[in-house]
Amino acid sequence: QVQVVESGGGLVQAGGSLRLSCAASGRTFSSYAMGWFRQAPGKEREFAAAISRSGGSTYYADSVKGRFTISRDNAKNAVYLQMNSLKPEDTAVYYCAAAVTFDYGNIYYTGDQYEYWGQGTQVTVSS
């Protein structure tokens, strides 16, 4: 059984930083391409960032590019989302997702490409 668990959310002032962490179990962690999505109140879930199995490829939504950095440590079975220069519009529940793939370079940026999801962690940015 695959489990995806996020941590690291919280309340931060605009301009501040947070780092989200995510662990995925059930298979060898390096077999997953990973992604972060977010859902703000009253809005649909949207893509934020993705990383390939090897960590060599990343992709970002325009709304977070230059402020957020996705990374992974396969030895620690973890993926991270470093969020800097946070804005009130970044307030959302952030979800980590895992996709099994045989290609080390694949990255995915639509929700339907991911099989496994965490429960989410709340990020609130105050103005």
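**Talking through the model**

Mentor: Let's start with L11: leaving aside neighbours within four places in sequence, L11 is in contact (heavy atoms within 4.5 Å) with T124 and S126. Before you ask more, this is a predicted model, where local features need pLDDT of at least 70, side-chain atom pairs count only at pLDDT 80 or more, and totals for chains, interfaces and linings use all residues. Residues are numbered from 1 along each chain as its sequence is written, and side-chain values use heavy atoms, with hydrogens and water left out.

Trainee: Is L11 buried or exposed?
Mentor: L11 sits in strand 2. Buried means under 20% relative accessible area, exposed over 50%, and partly exposed in between, with a 1.4 Å probe and protein chains only. L11 has a relative accessible area of 65%, so L11 is exposed.

Trainee: How many strands does the protein have?
Mentor: Helices (H or I, at least four residues) and strands (E, at least two) are DSSP runs, numbered from the N terminus. From that end, the elements run β-β-β-β-β-β-β-β-β-β-β. The secondary structure comes to zero helices, and the strands number eleven.

Trainee: Why is the protein said to be as compact as a globular protein of that length?
Mentor: The radius of gyration is taken over C-alpha atoms, and the globule rule is 2.2 Å times the number of residues to the power 0.38. For 127 residues the rule gives 14 Å, so the protein counts as that compact because its own radius of gyration is close to this, at 13 Å.

Trainee: Which strand runs parallel to strand 11?
Mentor: Two strands pair if DSSP finds at least two bridges between them. Strand 9 (residues 92–100) pairs with strand 11 over three bridges, but in the antiparallel sense; there, A92 has V123 as its bridge partner. Four bridges join strand 11 in parallel to strand 2 (residues 10–13).

Trainee: What is the relative accessible area of S52?
Mentor: S52 lies in the loop between strand 5 (46–51) and strand 6 (58–60). Not counting residues up to four places away in sequence, S52 touches A33, S57, R72, Y104, G105, N106 and I107. S52 is buried, and its relative accessible area is 0%.

Trainee: What is phi of N77, about?
Mentor: Most residues other than glycine have a negative phi. N77 is in the loop between strand 7 (68–73) and strand 8 (78–83), and N77 is partly exposed at 37% relative accessibility. N77 is not a glycine, yet its phi is positive, about 55 degrees.

Trainee: Which loop holds S85?
Mentor: S85 is another residue other than glycine with a positive phi, near 50 degrees. At 43% relative accessibility, S85 counts as partly exposed. Its place is in the loop between strand 8 and strand 9.

Trainee: How much of the protein counts as buried?
Mentor: The C-alpha atoms fill a box of roughly 40 × 25 × 25 Å, taken along the principal axes. Of the 127 residues, the share that counts as buried is 44%.
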